[in-house]
Amino acid sequence: MVVRKTSDSTHFIVGVEDVDAEVKKQMQQLRALKTEKELARRDELTGVKNKTAYKELEESAQGNIDHGMDYLNFGLVVCDTNNLKQINDTLGHAAGDEYIRASARLLCDIFVHSPVFRVGGDEFVVFLRGNDYTQRHELMNQLHSQVLENKRIGAGVILAAGMSEYKPETDCFVSDVFERADKEMYEDKQRLKA
């Protein structure tokens, strides 16, 4: 609202502008932008976070390490979906897509307090934190047990998985943690193929 006196000082001119519509429009634009940012970090096929989101979290964790904030306990679980090529070749890509979605669901069901990322075609990373970090060994046992049961009955997802924890006394980079988990995942992959 704007109020001014006329030049003869006997009258006032009052101007009122309705800004509600403009504020609502700006709020809608901010919500749309937030939604677009979230969608840009979400894997379209599975609904879990994507590689971009993982890289951002990795950079944030690396920043904490670089600034000596080593009180933050975290671990990584690196997973690879077994048999995807065979499923795609024999049952088709729609079946392969469902297998990838089922892999994501299994990880989300087990690691309920940690973000799950699809970082490649059939590759996933779980960033363990909070309760999932505290119970990491039990959760990994649960994952391995489910995978072995799926293999035994010949149905369900077969995921090779490896886990590693951040060790502030020796790890300088998040990639150090990732590499150990990745190595463990490849060892698990070989055991599952045997």
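Is Lys189 buried or exposed at 10% relative accessibility? Lys189 counts as buried, where buried means under 20% relative accessible area, exposed means over 50% and partly exposed lies in between (1.4 Å probe, protein chains only). The legends below describe a predicted model, in which local features need pLDDT of at least 70, side-chain atom pairs count only at pLDDT 80 or more, and totals for chains, interfaces and linings use all residues. Residues are numbered from 1 along each chain as its sequence is written, and side-chain values use heavy atoms, with hydrogens and water left out.

**View 1. The whole protein.** The protein has seven helices and seven strands; helices (H or I, at least four residues) and strands (E, at least two) are DSSP runs, numbered from the N terminus. Their order from the N terminus is β-β-α-β-α-β-α-α-β-β-α-α-β-α. Of the 194 residues, 36% count as buried.

View 2. Two strands pair if DSSP finds at least two bridges between them.

**View 3. Strand 4 and its two partners.** Strand 4 runs antiparallel to strand 6, and six bridges join them. With strand 7, strand 4 pairs in the antiparallel sense over seven bridges. Cys79 stands opposite Phe124 in strand 6, and its bridge partner in strand 7 is Ala161. Gly75, Val77, Cys79 and Thr81 point one way from the strand, while Leu76, Val78 and Asp80 point the other way. Seven of the seven residues of strand 4 are buried, so the strand is largely enclosed by the rest of the structure.

**View 4. The salt bridge between Lys189 and Asp80.** The two side chains meet at 2.6 Å, N to O; a salt bridge is a side-chain nitrogen of Lys or Arg within 4 Å of a carboxyl oxygen of Asp or Glu. Lys189 lies in helix 7 (residues 174-193) and Asp80 in strand 4, so the pair ties together parts that are 109 residues apart in sequence. Asp80 is buried, with a relative accessible area of 7%. Asp80 also stands opposite Glu123 in strand 6.

**View 5. Salt bridges within helices.** In helix 2 (residues 51-66), Glu58 and Lys55 are three residues apart, about one turn of the helix. Their side chains form a salt bridge (3.5 Å, N to O). Glu58 is buried at 17% relative accessible area, whereas Lys55 is partly exposed at 37%. Lys183 and Glu187 in helix 7 are four residues apart, and their side chains meet in a salt bridge (3.3 Å, N to O). An α-helix has 3.6 residues a turn, so residues three or four places apart point the same way.

**View 6. Helix 4 and its surroundings.** Helix 4 (residues 93-110) has 18 residues and reaches 26 Å from its first C-alpha to its last. Among its buried residues are Gly96, Tyr99, Leu106 and Ile110. The buried residues of helix 4 pack against several elements, including helix 3, helix 6 (136-153) and strand 5 (116-118). In helix 3 (residues 84-91) lies Asn88, which is buried with a relative accessible area of 17%. Leaving aside neighbours within four places in sequence, Asn88 is in contact (heavy atoms within 4.5 Å) with His93 and Gly96.

Conventions: The expected span of a helix is 1.5 Å times one less than its number of residues.
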